[in-house]
Amino acid sequence: MEVAIVILTGVFFLVSIYLILSRHIIRVLLGVAMLGNGVNLTIFTAGRITREIPPIIGNNASVPLEGIANPLPQALVLTAIVIAFSFFAFLLVLVFRTYQELGTDDTAEMRDAEPKGEASPPLGY
């Protein structure tokens with residue numbers, strides 16, 4: 001099962017890199033979302049996906065049993081999901097506002113939308 005998840009993670013990374021290298025901002029946005037999912041699967045797979053017992057130490061034991069689940073990757077993935085969703089929502093609003101302002105989602109056309117004849121900004125201090 002873990003081999004299938006690792007292959008799926010690789011597919012997530014490949015598709016996300018392909019989408020991020022696109023000229024259209026909507027595809028870049030979807031690529032960033034897929035990259036977050038790939039990272040979450042990587043962290044989750046690193047914590048082993050097996051059916052183990054919960055990480056509870058019994059009353060008469062001083063150490064946990066041998067086959068306990070590792071709760072750290074689960075907590076990291078849960079936190080990463082919340083952060084990725086908020087980042088995706090911010091980028092979605094930013095892309096929508098950019099589309100309203102410029103009327104295009106093509107990055108080459110956005111570069112052409114810059115005002116001509118203005119002085120470039122200072123490049124140093």
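**Pocket lining.** I sorted the lining of the largest pocket by class and got eight nonpolar, three polar and no charged residues. This is a predicted model, and I read the pocket with that in mind.

I then listed the residues. Which element gives the most? I found that helix 2 does, with six residues. For volume, I noted about 160 Å³ of space in the largest pocket.

**Helix 1 against helix 2.** Next I looked at how helix 2 (residues 25-46) sits with helix 1 (residues 2-20). Their axes come within 8 Å and cross at roughly 155°. Angles over 145 count as roughly antiparallel, so I logged helix 1 and helix 2 as roughly antiparallel to each other. The crossing is left-handed. By class, I have 15 nonpolar, seven polar and one charged residues in the contact of helix 1 with helix 2.

**Confidence.** I checked pLDDT last. The protein chain has a mean of 85, with 91% of its residues at 70 or more. Which elements have the lowest and the highest mean pLDDT? Helix 4 (residues 107-112) has the lowest, at 77, and helix 1 the highest, at 92.

Notes. Residues are numbered from 1 along each chain as its sequence is written. This is a predicted model: local features need pLDDT of at least 70, side-chain atom pairs count only at pLDDT 80 or more; totals for chains, interfaces and linings use all residues. Side-chain values use heavy atoms; hydrogens and water are left out. Axes are lines fitted to C-alpha atoms, for helices over the stretch in contact, and angles run from 0 to 180 degrees between N-to-C directions. Helices (H or I, at least four residues) and strands (E, at least two) are DSSP runs, numbered from the N terminus. Angles under 35 degrees count as roughly parallel, over 145 as roughly antiparallel, 65 to 115 as roughly perpendicular and the rest as oblique. A crossing is left-handed if the near helix is turned anticlockwise from the far one by less than a right angle, and right-handed if clockwise. Ala, Val, Leu, Ile, Met, Phe, Trp, Tyr, Cys and Pro count as nonpolar, Asp, Glu, Lys and Arg as charged, and the others, Gly among them, as polar. pLDDT is the predictor's confidence in each residue, from 0 to 100. On a 1 Å grid over the protein atoms alone, a cavity is a set of points where a 1.4 Å probe fits but cannot get out, and a pocket is an open set with protein on both sides within 12 Å along at least five of seven lines; lining residues have an atom within 4 Å of a point. Grid points are joined across faces, edges and corners, and a volume is the space filled by probe spheres set on the points.
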